[in-house]
Amino acid sequence: MSIIVTIFVGLVVGLLARALKPGDDKLGWIMTILLGIAGSLLATYAGVAMGWYREGESAGWIASIVGAVILLFIYGLVRSKR
């Protein structure tokens, strides 16, 4: 059940990250949501593994948004080099 909650959080986080990240991204909604899910999964499991917070704490939301913004930024850099 925890993975389903993390994916749902990723959907919300992806949309929030896109709204917070400066610049004009030409990403579609699907790619934004997928990067949000990836950022949420990465931040959740990395934060729990490093002992920064426990699963379900509010710090997980903040880390998920930061992770998604970082992934959006990296994706923008990789895409612009093409």
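Modeller: We will go from the whole chain to single residues.

Colleague: What should I keep in mind about the source of the model?

Modeller: This is a predicted model: local features need pLDDT of at least 70, side-chain atom pairs count only at pLDDT 80 or more, and totals for chains, interfaces and linings use all residues. Residues are numbered from 1 along each chain as its sequence is written, and side-chain values use heavy atoms, with hydrogens and water left out.

Colleague: What makes the pattern of the protein α-α-α?

Modeller: The protein has three helices and zero strands. Helices are DSSP runs of H or I with at least four residues, strands are runs of E with at least two, and both are numbered from the N terminus. Read along the sequence, that gives α-α-α.

Colleague: How do you know that the span of H2 agrees with its 21 residues?

Modeller: The expected span is 1.5 Å times one less than the number of residues. For the 21 residues of H2 that comes to 30 Å, and the end C-alpha atoms are 30 Å apart, so the two agree. H2 covers residues 29-49. After H2 comes Gly-51, with a positive phi near 80 degrees.

Colleague: Why is Ser-64 called buried?

Modeller: Buried means under 20% relative accessible area, exposed means over 50%, and partly exposed is in between (1.4 Å probe, protein chains only). Ser-64 has 1% relative accessibility, so it counts as buried. Ser-64 sits in helix H3.

Colleague: What does Ser-64 touch, leaving out residues up to four places away in sequence?

Modeller: Ser-64 is in contact (heavy atoms within 4.5 Å) with Val-13, Gly-39, Ser-40, Ala-43 and Thr-44. Gly-39, Ser-40, Ala-43 and Thr-44 are among the buried residues of H2.

Colleague: Why is Val-9 called buried?

Modeller: Val-9 has a relative accessible area of 12%, so Val-9 is buried. Val-9 lies in helix H1. Beyond four places in sequence, Val-9 touches Ser-40 and Trp-61. Val-9 and Ser-40 are 31 residues apart along the chain, yet their C-alpha atoms are separated by 7.0 Å.

Colleague: Is Phe-8 buried or exposed, and why?

Modeller: Phe-8 is at 53% relative accessibility, so Phe-8 counts as exposed. Phe-8 is in helix H1 too. The C-alpha atoms of Phe-8 and Ser-40 are separated by 9.3 Å.

Colleague: Why is Val-48 called partly exposed?

Modeller: Val-48 comes to 32% relative accessibility, so the label is partly exposed. Val-48 belongs to helix H2. With residues up to four places away left out, Val-48 touches Tyr-53, Arg-54 and Glu-55. Its C-alpha atom is 8.6 Å from that of Gly-60, 12 residues apart along the chain.

Colleague: Which label does Ala-63 get, and why?

Modeller: Ala-63 has a relative accessible area of 23%, so Ala-63 is partly exposed. Ala-63 is found in helix H3. Apart from neighbours within four places, Ala-63 is in contact with Ala-43 and Tyr-53. The C-alpha atoms of Ala-63 and Gly-47 are 7.7 Å apart.

Colleague: What makes up the largest nonpolar core?

Modeller: A nonpolar core is a set of buried Ala, Val, Leu, Ile, Met, Phe, Trp, Tyr and Cys residues joined through side-chain atoms within 4.5 Å. The largest has eight residues: Val-9, Val-13, Ala-17, Leu-27, Leu-35, Ile-65, Ala-68 and Leu-72. Helices H1 (2-20) and H3 (58-80) each supply at least two residues of this core. Val-13, for one, is in contact with Gly-36, Trp-61, Ser-64, Ile-65 and Ala-68, leaving aside neighbours within four places.

Colleague: How many residues does the protein have, and what share counts as buried?

Modeller: The protein has 82 residues, and 30% of them count as buried. Its accessible surface (Shrake-Rupley method, 1.4 Å probe) comes to about 5500 Å², with 73% belonging to carbon and sulfur atoms. Among contacts with a separation of 6 or more, 65% join residues 24 or more positions apart.
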